Amino acid sequence: MGGDKDSLSEFLAVAVDAAKKAGEIIRKGFYETKLVEHKGQVDLVTETDKACEDLVFNYIKQHYPEHKFIGEETTAACGTTELTDHPTWIVDPLDGTTNFVHGFPFVCVSIGLTIGKVPTVGVVYNPIMDELFTGIRGKGAFLNGNPIKVSTQSELVKSLLVTEVGTKRDKSTVNFATNRINSLLFKVRSLRMSGSCALDLCGIACGRVDIFYELGFGGPWDVAGGAVIVQEAGGLVFDPSGNDFDITSQRVAASNPHLKDVFVEALREAETHQPSGN
């Protein structure tokens, strides 16, 4: 159902329109954040989040009323959390909310479509930098309409690694995350944390960074769009353990094909050298 190439291009066109409309709301809020008091900032983030998600879902529903929807905001309210084989739109209306509050320009709307649970169409749009990343399974990945490819770097020591600490701030989670990073820093060229899982994946896809991993992010909406884009750019999306990627697991890693095995090995070493009893 809905799997032929023409309908996929149509799905993408609708998703791009939705992302651009949501992007206007994000852009407007982004330049307002500096003007509001702290309590107001939280409200502004929530309002922007909600407005973007409503807009995206309503826009797509007009075109595909029979499709299913999973969103960061609606899941709690009326959306579905369970991923089925039905065509399902998985949306993060505003990824990078901390960046949004601080006026740091790494924010985006992420829209992914799964068919038979497989990420099939992906759109990630950063309205502040006006970068539109798109991908259709079997048809390549693009940045503002130009084809993109993952890097060709094959040496871990020359690789740029991007990661995020994740959403939890309890002592043991933070210790595990920073110890892992500590170990990896001796094996890669350098490290970045940009604050947006979706844009991190796009960074892999266009070759700006070579390796990405994150453990304990929000949910499938963080990765549904970016996963297709990475794969279509010639990259690999996998579980940090080296196993197959599971879109519902809140664990993700991505790299070009040359680096996967050496990186999984380095990550495994980082895990085994965790200090105990802290």
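Colleague: In terms of orientation, what are helix 4 and helix 7 to each other?

Modeller: Helix 4 and helix 7 are oblique to each other. This is a predicted model. The label follows from the angle, because values from 65 to 115 degrees count as roughly perpendicular and those over 145 as roughly antiparallel. Here helix 4 (residues 171-185) packs on helix 7 (residues 260-272) at about 130°, and their axes lie 9 Å apart.

Colleague: What is the handedness of the crossing of helix 4 and helix 7?

Modeller: Helix 4 and helix 7 make a right-handed crossing. On the helix 4 side, the contact is made by Arg180, Ser183 and Leu184; helix 7 contributes Phe263, Ala266, Leu267, Ala270 and Glu271.

Colleague: How many of the residues in the contact of helix 4 with helix 7 are charged?

Modeller: Two are charged, one is polar and five are nonpolar.

Colleague: At what angle do helix 5 and helix 6 pack?

Modeller: Helix 5 and helix 6 (residues 224-232) pack at about 5°, and their axes are 8 Å apart. Angles under 35 degrees count as roughly parallel, so helix 5 is roughly parallel to helix 6. Leu201, Cys202, Ile204 and Ala205 of helix 5 make the contact with Gly226, Ala227, Ile229 and Val230 of helix 6.

Colleague: And which classes do the residues of the contact of helix 5 with helix 6 divide into?

Modeller: Seven are nonpolar and one is polar, with no charged residue.

Colleague: Turning to pockets, how many residues line the largest pocket?

Modeller: Begin with the volume, then go to the lining. The largest pocket holds about 630 Å³ of space. Its lining has 28 residues, and those closest to the centre are Gly96, Thr97, Thr98, Thr167 and Gly195. Two or more lining residues come from each of helix 2 (38-63), strand 2 (88-95) and helix 3 (97-102). Helix 2 gives the largest share, five residues. By class, the lining of the largest pocket has eleven polar, nine nonpolar and eight charged residues.

Colleague: Which residues are closest to the centre of the second largest pocket?

Modeller: Phe106, Ser194, Asp200, Arg208 and Val209 are the closest, out of 16 lining residues. The space in the second largest pocket is about 250 Å³.

Colleague: Which element gives the largest share of the lining of the second largest pocket?

Modeller: Helix 5 does, with three residues. At least two lining residues each come from strand 5 (131-136), strand 8 (160-163) and helix 5 (197-205). The lining of the second largest pocket divides into nine nonpolar, four charged and three polar residues.

Methods. Residues are numbered from 1 along each chain as its sequence is written. This is a predicted model: local features need pLDDT of at least 70, side-chain atom pairs count only at pLDDT 80 or more; totals for chains, interfaces and linings use all residues. Side-chain values use heavy atoms; hydrogens and water are left out. On a 1 Å grid over the protein atoms alone, a cavity is a set of points where a 1.4 Å probe fits but cannot get out, and a pocket is an open set with protein on both sides within 12 Å along at least five of seven lines; lining residues have an atom within 4 Å of a point. Grid points are joined across faces, edges and corners, and a volume is the space filled by probe spheres set on the points. Helices (H or I, at least four residues) and strands (E, at least two) are DSSP runs, numbered from the N terminus. Ala, Val, Leu, Ile, Met, Phe, Trp, Tyr, Cys and Pro count as nonpolar, Asp, Glu, Lys and Arg as charged, and the others, Gly among them, as polar. Axes are lines fitted to C-alpha atoms, for helices over the stretch in contact, and angles run from 0 to 180 degrees between N-to-C directions. A crossing is left-handed if the near helix is turned anticlockwise from the far one by less than a right angle, and right-handed if clockwise. Contact means heavy atoms within 4.5 Å.
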